[in-house]
Amino acid sequence: RLSFFSANRTEQEQQFAGQNMENADPYRHFLKDVKRIIIKVGTAVVTRQDGRLAVGKLGALCEQIKELNSLGYEIILVSSGAVGLGRQRLRYRKLINSSFADLQKPQIELDGKACAAVGQNSLMALYDALFSQLDVTSAQLLVTDNDFRDKDFRKQLSETVKSLLGLKVIPIFNENDAVSTRKAPYEDSSGIFWDNDSLSALLALELKADLLILLSDVEGLYSGPPSDPRSKLIHTYIKEKHQNEITFGDKSRVGRGGMTAKVKASIHAAEAGIPVIITSGYAAENILKVLQGQLIGTLFHKDANKWAPIKEFNARDMAVAARDCSRRLQAMSSEERKQILLKIADALEAHQEEIRIENEADVAAAQEEGREKSLVARLLATLANNVRLIANMEDPIGRVLKRTELAEGLILEKTSSPLGVLLIVFESRPDALVQIASLAIRSGNGLLLKGGKEAKRSNAILHKVITEAIPDSVGAKLIGLVTSRAEIPELLKLDDVIDLVIPRGSNQLVSQIKSSTKIPVLGHADGICHVYVDKSADLEMAKRIVLDAKIDYPAGCNAMETLLVHKDLVEKGWLNNITVDLRTEGVTLFGGPKASPLLNIPLVRSLHHEYNSLTCTIEIVDDVYAAIDHINLYGRHGSLYFAHTDSIVTEDHEVADVFLRQVDRQF
């Protein structure tokens, strides 16, 4: 794991930098040397559509700067917005002071320099108020184009900024448009700098910044206008590749140059050796995410041309390709889709040795890193048979689910049809890839898969074997494999292409995805599966069920995690016997409040815990009603999620009926 910080940084700083390292692109190693940062915030970011200040966005910006300042970064802010804010205030003042007759006359455009003078005062007053609430001091520095022609000025500027940064003060720069010698701030682009984008690039050079961040009203540089769905976000700008491919849209709704000015400033700074990132000032904590190495925005770097061979991930291309392939798959007959799956099953058997080698490498890596072996090791030998079972299932497409006669001769039918493109995120289990892919093909759906990094080699070989077996008439891009978690946010934005997201994993994973997308999400909660052994159970049968539920498939979502035992079975000795049997099979045992002291086993920290390994919890209950209460309390339930399997072992049909009726489960 790379570190973004030098050795003399604090442990807190190291921890901050280490977040999301697995999501960082390989070339973002330059962040390890970053200390002095210039942040330029555009007019469109600091103001609302009506010209008033966007106080919420400015507050969020100041909070990020406060955090970075406390972590030892030197932050310099270049802020636009003064002219627009001043114009809004002067228009209001003019309206208040105008008579009805004045309003009937042609309105003369306000002087831009007067707008700048009024707006600068209001802008700095707000920055001062916001930073004061965060116990941070800020300073205002107004500069003009002519100032930089003076060597003594440039020297004094560097010394002043150095002194301010040493005191942890935030210098806030803006062009002094009120006294600028340019004829009109929005028209004259001559001189050393011509807007705050070029000013920020100039300051980056003069003040020897390590990184320049330009905050915009869009996510970064696109290949065309961001509103055009065909436009693609460019993560790394390569001049030789992109300078002739980009079509710029309209300039910003406010301000002077829009994206064209930002790109010019970025190229200028990058060629001088200062990395630049253009990213959205609207998204929460984007500055912090940049410094954590997350793949957001557009990077400009002097060595970008050396990274040209690195294939740039394009979420939209992958999703659109899966959609196009799925439409060809849907046009096939049930028998043709069945034959594709049978061909995949044969391919899995033919490449079984390669799959075994890659899976064993994942298992070895998991053991070295202290992860449970069962999270990776799976029964790969059964994969082909499972695919054949799915191939021979009833065709799920075109089934009549409901038929209603609306009028004589007019019949409405509800039939099953493919969903479209599915994005499925799952953790650790490579056999899940085969199961999901098989179901998607049988049901005519396109698929985008992101597996856990713990099984990345197994996932890669399985994906390769499966897609190579898909005929050209459908296309191997029917199933896309996402290899980095950093790529998921891009996919979650594609609500016009992806039809459903299914996260298979922890409750935290499900919650994160649900809060990050407009795409419908089929939530999957923790698999806290219970087996309740009633006092009337056939005890030999109960023993076989309990051992199979825990040992056969311990990493499965439906493996037993908690064994609930009727109190009468303690006296009969069955509880002691099953405890010995489980330990003999290598199962680590934890006890609930009643079972722990009785069986002399460690007290479990939480009765709501999914082990996914040869570990389980044992607890004693008074009767079936107590068992039901336990399951309803500690098992995941609710309309936003669906859970797994809870079972009862009993010979009493009335008890079984009570259990089946009252256990709270969503299917």
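In the predicted model, the protein contains 25 helices and 19 strands. Of its 667 residues, 52% are buried. The accessible surface amounts to about 31,900 Å², and carbon and sulfur atoms account for 50% of that surface. Contacts between residues at least 6 apart in sequence were also examined for the protein, and 75% of these join residues at least 24 apart.

Helix H8, formed by residues 196-206, packs against helix H10, formed by residues 258-271, at an angle of about 15°, and the two axes lie 8 Å apart. This angle makes H8 roughly parallel to H10, because angles under 35 degrees fall in that class. The crossing of H8 and H10 is right-handed. On the H8 side, the contact is made by Asp 197, Ser 198, Ala 201 and Leu 205. On the H10 side, Gly 258, Ala 261, Lys 262, Ala 265, His 268 and Ala 269 take part. By class, the residues of this contact between H8 and H10 comprise five nonpolar, three polar and two charged.

Helix H13 (residues 334-350) and helix H17 (residues 456-469) cross at roughly 140°, with axes that come within 9 Å. H13 and H17 are therefore oblique to each other, since an angle must be over 145 degrees to count as roughly antiparallel. The crossing in which H13 passes H17 is right-handed. H13 contributes Lys 343, Ile 344, Ala 347 and Leu 348 to the contact, while H17 contributes Leu 462, Val 465, Ile 466 and Ala 469. Seven nonpolar residues and one charged residue make up the contact of H13 with H17, and no polar residues are present in it.

H24 and H25 form a right-handed crossing. Val 624, Tyr 625, Ile 628, Ile 631 and Asn 632 of H24 make the contact with Val 655, Val 658, Phe 659 and Gln 662 of H25. The contact of H24 with H25 contains seven nonpolar and two polar residues, with no charged residues.

Two residues in loops have positive phi values without being glycine. Lys 208 has a phi near 55°, a positive value in a residue other than glycine. Lys 208 is placed in the loop between H8 and strand S5 (211-216). With a relative accessible area of 66%, Lys 208 is exposed, because the exposed class covers values over 50%. Asn 600 also is not a glycine, and its phi is positive at about 60°. The loop that holds Asn 600 runs between helix H23 (595-599) and strand S18 (615-621). The relative accessible area of Asn 600 is 68%, so Asn 600 is exposed.

Further residues were considered for their accessibility and their separation from residues elsewhere along the chain. Ala 116 belongs to helix H6, which spans residues 112-133. Ala 116 counts as buried because its relative accessibility is 5%. Apart from its neighbours within four places in sequence, Ala 116 is in contact with Ala 82, Val 83, Asp 177 and Ala 178. Between the C-alpha atoms of Ala 116 and Gly 81 the separation is 8.8 Å, and the two residues are 35 residues apart along the chain.

Ala 321 is located in helix H12, residues 315-330. Its relative accessibility of 17% places Ala 321 among the buried residues, since the limit for that class is under 20%. Ala 321 and Gly 446 are 125 residues apart along the chain, and their C-alpha atoms are separated by 8.7 Å.

Tyr 553 is found in the loop between helix H20 (539-551) and strand S16 (560-566). At 27% relative accessibility, Tyr 553 is classed as partly exposed. A separation of 9.1 Å was computed between the C-alpha atoms of Tyr 553 and Leu 614, which lie 61 residues apart along the chain.

Key: Residues are numbered from 1 along each chain as its sequence is written. This is a predicted model: local features need pLDDT of at least 70, side-chain atom pairs count only at pLDDT 80 or more; totals for chains, interfaces and linings use all residues. Side-chain values use heavy atoms; hydrogens and water are left out. Axes are lines fitted to C-alpha atoms, for helices over the stretch in contact, and angles run from 0 to 180 degrees between N-to-C directions. Helices (H or I, at least four residues) and strands (E, at least two) are DSSP runs, numbered from the N terminus. Angles under 35 degrees count as roughly parallel, over 145 as roughly antiparallel, 65 to 115 as roughly perpendicular and the rest as oblique. A crossing is left-handed if the near helix is turned anticlockwise from the far one by less than a right angle, and right-handed if clockwise. Contact means heavy atoms within 4.5 Å. Ala, Val, Leu, Ile, Met, Phe, Trp, Tyr, Cys and Pro count as nonpolar, Asp, Glu, Lys and Arg as charged, and the others, Gly among them, as polar. Buried means under 20% relative accessible area, exposed over 50%, partly exposed in between (1.4 Å probe, protein chains only). Accessible areas come from the Shrake-Rupley method with a 1.4 Å probe; for residues, only the protein chains shown count as cover.
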